[in-house]
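User: Hello! I am new to this structure and would like to know what lies behind the terms used for it. Could you take me through them?

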Amino acid sequence: MTPTLDQLHEARTAIDTPLFSGLPGDVDVSFEFFPPKTQKMEDQLWDAVQQLKPLAPSFVSVTYGAGGSTRERTHATVARIIAEAKMPAAAHLTCVGASKAEIREVAEQYWEAGVRHIVALRGDAGEPGAPFTPHPEGFASAAELVAGLKEIADFDISVAAYPETHPDADCPQSDIDNLKRKLDAGASRAISQFFFSADKFFAFRDRLAASGIDQPVLPGILPVTNVAQARKFAGACGAEIPPWMDGLFEGLDAKPDARKLVAATVAAELCRRLYAGGVRDFHFYTLNRSELAYAICHMLGKRPIGETA
């Protein structure tokens, strides 16, 4: 995709001036949480929700454990966010370990709880990265799941995209073809897995355009404070951890505050590069903590409702 004059000007500005000076805050943001297992984790999650709510996210999403292992907690968390925080919340839903009838029951319960947005995923069985085996009476793919959900109710549906190709895909193009099937089945947008190279996201965006995909793809941003944990996540979704990241966090194991500052800086720089390339919609993997995502949004010019940058 050829850069526009505005993008070239923005890129020049990013080089010539302080990276985060004068940004107008013309971005949309969304945040991902996971369902809590304990009361302490519930309190931490709710604190994160309250801290991020003033940024008026376009939506927040709540993950769904492998094999539906967090089904009840996901439902309870999403329902509480909608009822108490009054925020638009999306529930993750996977094909794993569930028949079409069971999926229908879960989806109908979501609709009754006020959920209108679902993140539809194929999912993996058991541990992250384990091979997917369709339920004999279930959906065999995320595209089938999207089509099935659309038959149940008029859900707004998001699906997953993989800038560095899903590990199960034969090649990058077959992965893009699979994304197109999900979007053609009725999904409104895709949310990308996390990545650490803006150029890789831009190249992915160009390949999508060449394949006739024009629905929005939100870049997924993961502020990394634990490289070992991020490497485990990356192995399951085909993302590459750049070699320099290990060195950057070396010596910070016992310095959590310094780790957070470094993590926020790295993620904010990535977002700034994406912004220079025309991205105006960001999805943050929060790991149920608000401070890093909030800081990055602030640097991008995003302010609480009623405040200006």
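Predicted model: local features only at pLDDT ≥ 70, side-chain atom pairs only at ≥ 80, totals over all residues.

User: Let us begin with charged pairs. What makes Arg 80 and Glu 42 a salt bridge?

Analyst: The distance does. Their side chains meet at 2.6 Å, N to O, and the cut-off is 4 Å between a side-chain nitrogen of Lys or Arg and a carboxyl oxygen of Asp or Glu, so the pair qualifies.

User: Why is Arg 80 called partly exposed?

Analyst: Its relative accessibility is 25%. Buried means under 20% and exposed means over 50%, so a value in between is called partly exposed. Glu 42, at 21%, is partly exposed as well.

User: What makes Arg 104 and Glu 108 a salt bridge?

Analyst: Their closest N and O atoms are 3.3 Å apart, and the limit is 4 Å, so this pair passes too. As for their places, Arg 104 and Glu 108 are four residues apart in helix H4 (residues 100-112), which means that about one helical turn separates them. Arg 104 has 36% relative accessibility and Glu 108 has 35%, so both fall between the 20% and 50% cut-offs and count as partly exposed.

User: How do you know that Glu 269 and Arg 273 form a salt bridge?

Analyst: By the same test: the N to O distance is 3.7 Å, and the cut-off is 4 Å, so the pair counts. Both residues lie in helix H10, four residues apart, about one turn of the helix. Across the whole structure, a search finds 12 salt bridges.

User: Now the inside. Which residues of the largest nonpolar core touch the most other members?

Analyst: Of its 70 residues, these are Phe 31, Ile 81, Leu 149, Leu 274, Phe 282 and Phe 284. Helix H10 (residues 256-276) gives the largest share of this core, six residues. To be called a core, the residues must be buried and joined through side-chain atoms within 4.5 Å. In soluble globular proteins, nonpolar side chains tend to be buried together.

User: What does Leu 274 contact beyond its neighbours within four places in sequence?

Analyst: Its contacts include Phe 195, Phe 201, Pro 219, Val 279 and Phe 282.

User: What makes the largest cavity a cavity, and which residues line it?

Analyst: It is a space where a 1.4 Å probe fits but cannot get out, so it is called a cavity and not an open pocket. Its volume is about 50 Å³, and the lining includes Ala 160, Tyr 162, Asp 175, Lys 182 and Phe 204. Helix H6 supplies the largest share of that lining, five residues.

Notes:
Residues numbered from 1 in each chain as written. Heavy atoms only, no water. Buried < 20%, exposed > 50% of the residue type's maximum accessible area, 1.4 Å probe, protein only. Helix = DSSP H or I, 4+ residues; strand = E, 2+ residues; numbered from the N terminus. Contact = heavy atoms within 4.5 Å. 1 Å grid on protein atoms, 1.4 Å probe; cavity = no way out; pocket = protein on both sides within 12 Å on 5 of 7 lines; lining within 4 Å. Points joined across faces, edges and corners; volume = space filled by probe spheres on them.
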